[in-house]
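Subject: Structure handover, with notes on cores, pockets and cavities

Dear colleague,

I am passing the structure below to you, together with my notes on what turned up in it. Please read the notes with the structure open beside them.

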Amino acid sequence: MTKSFDELIAKTGAPKKLSIAVAQDSAVIEAAVEAKKRNIAIPVLFGDADKINAVAKEINADISDLEIVDIKDDLEAAHEAVKYVHEGHAEMYMKGIIDTKNFLKSVLDKEVGLRTGKALSHVAVFQVPGIDHLLFLTDVAFIPYPTLEDKKAMIEYTVNVARACGVEMPKVAPLAAVEVVNPKMSVTVEAAELTKLNEEGEIKNCIVDGPLSMDLAIDPEAAKHKNAGGRKIVGDADVLVFPDIHAGNLVYKTLVHTTNSENGCILTGTKAPVILTSRSDTFETKVNSIALAAVVAENLKKLQ
């Protein structure tokens, strides 16, 4: 089982080609250079070459060995960057300094994008002090109010990511405020339905146990105090499935801003891993996200 991002980086295999849309951003260039240095990725920078070189000079980053595709217009740069992945020249696609709406338009482009016809979902992976394994969170940034079918897809995507990261049989916790089914709380009813779908073989390659409160999902001592010995998950969940984007985003930002944790994020449901980080994300988060995408890309290659 992978316990840290250092261990995750060791699983990336040979460096993967990384296409970056509108790369004239200091944090993105810094992350690209570091990913190249650590043999995680071979970045190709799409965007305004003059601005890319100016930003690199400003932060004292050596990009002399990185390929730059000079395209002045941001939308055209994103179009060509995603096309590069669509055509198989790169294995990962990353957002640079372009707004999320236009970046996602390129991802979903019918001609050259990475759409699969399935819903897209966001997966965040955390290395949290005091927890001896990586936590996989979904969905904290993309699907506002997931339906039962959305949650099924979210679990399937996240289980695939977890398995690519070395978790052979991920334990999945559909979260709620309580750990019992209450007909007046639809979230608990859906969590129980997801558990049933898993037991019936509709959701594969994982163990689903819900509804679960957060303490039962991640704290073995809490599970012990609540006499949860009969549950499939007793404080040892790998995957946390949130009832809506509000719960997921609040937990995500609490972990980021109040704990000494590391994280990385990717968009799933696409033909190739998509790295959709925020402009406010740290350099380390961007490097971790590239590493996470590289591990998923390596696993996709094995499945082909």
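The notes that follow take the cores, the packing, the pockets and the cavities in turn.

This is a predicted model, in which local features need pLDDT of at least 70 and side-chain atom pairs count only at pLDDT 80 or more, whereas totals for chains, interfaces and linings use all residues. Residues are numbered from 1 along each chain as its sequence is written, and side-chain values use heavy atoms, with hydrogens and water left out.

Cores and packing

A nonpolar core here is a set of buried Ala, Val, Leu, Ile, Met, Phe, Trp, Tyr and Cys residues joined through side-chain atoms within 4.5 Å, where buried means under 20% relative accessible area, exposed over 50% and partly exposed in between, with a 1.4 Å probe and protein chains only. The largest such core holds 54 residues, and Phe136 and Ile290 are the members that touch the most others. Helix α11 (residues 283-303) gives the most to this core, with 10 residues; helices (H or I, at least four residues) and strands (E, at least two) are DSSP runs, numbered from the N terminus. Setting aside residues up to four places away in sequence, Phe136 touches Ala124, Val125, Thr158, Val161, Ala162, Cys165, Val167, Asp238, Val239 and Leu240, contact meaning heavy atoms within 4.5 Å. There is also a second, separate core of 24 residues, which includes Ala21, Phe46, Ala272 and Leu276.

Ile20 is found in strand β1, and it counts as buried because its relative accessibility is 0%. Leaving aside neighbours within four places in sequence, Ile20 is in contact with Val28, Ala32, Pro43, Val44, Leu45, Phe46, Ala81, Met94 and Gly96. The C-alpha atoms of Ile20 and Leu276 are separated by 11 Å, although these residues are 256 apart along the chain.

In helix α5 (residues 100-107), the buried residues are Asn102, Phe103, Leu104, Ser106 and Val107, and they pack against β1 (16-21), α4 (74-86), β4 (92-95), β10 (262-268) and β11 (274-275).

A search of the whole structure finds 3 aromatic pairs, a pair being rings of Phe, Tyr and Trp (its six-membered ring) with centres within 6.5 Å, counted as stacked when the planes are under 30 degrees apart, edge-to-face when over 60 and tilted for the rest. One of them joins Phe126 and Tyr252 in an edge-to-face arrangement, at 5.4 Å centre to centre and 80 degrees between the planes. Phe126 lies in strand β5 and Tyr252 in helix α10, so the pair ties together parts that are 126 residues apart in sequence. Both Phe126 and Tyr252 are buried.

Pockets and cavities

On a 1 Å grid over the protein atoms alone, a cavity is a set of points where a 1.4 Å probe fits but cannot get out, a pocket is an open set with protein on both sides within 12 Å along at least five of seven lines, and lining residues have an atom within 4 Å of a point. Grid points are joined across faces, edges and corners, and a volume is the space filled by probe spheres set on the points.

The largest pocket contains about 580 Å³ of space. Its lining has 29 residues, of which Tyr252, Thr277, Ser278, Ser280 and Asp281 are the closest to its centre. The largest share of this lining, 5 residues, comes from α10.

The second largest pocket has a volume of about 490 Å³, and among its 21 lining residues Glu156, Tyr157, Asn160, Gly269 and Leu300 lie nearest its centre. Here α6 gives the most to the lining, with 7 residues.

The search also finds 2 cavities of 30 Å³ or more. The largest cavity, with about 50 Å³ of space, is lined by Asp25, Val28, Lys95, Gly96, Ile97, Thr277, Ser278, Arg279 and Lys286. The second largest cavity, with about 40 Å³, is lined by Lys151, Pro174, Leu175, Val187, Ala191, Leu194, Val241, Phe242 and Pro243, and helix α7 (residues 186-199) gives the most to that lining, with 3 residues.

With best regards
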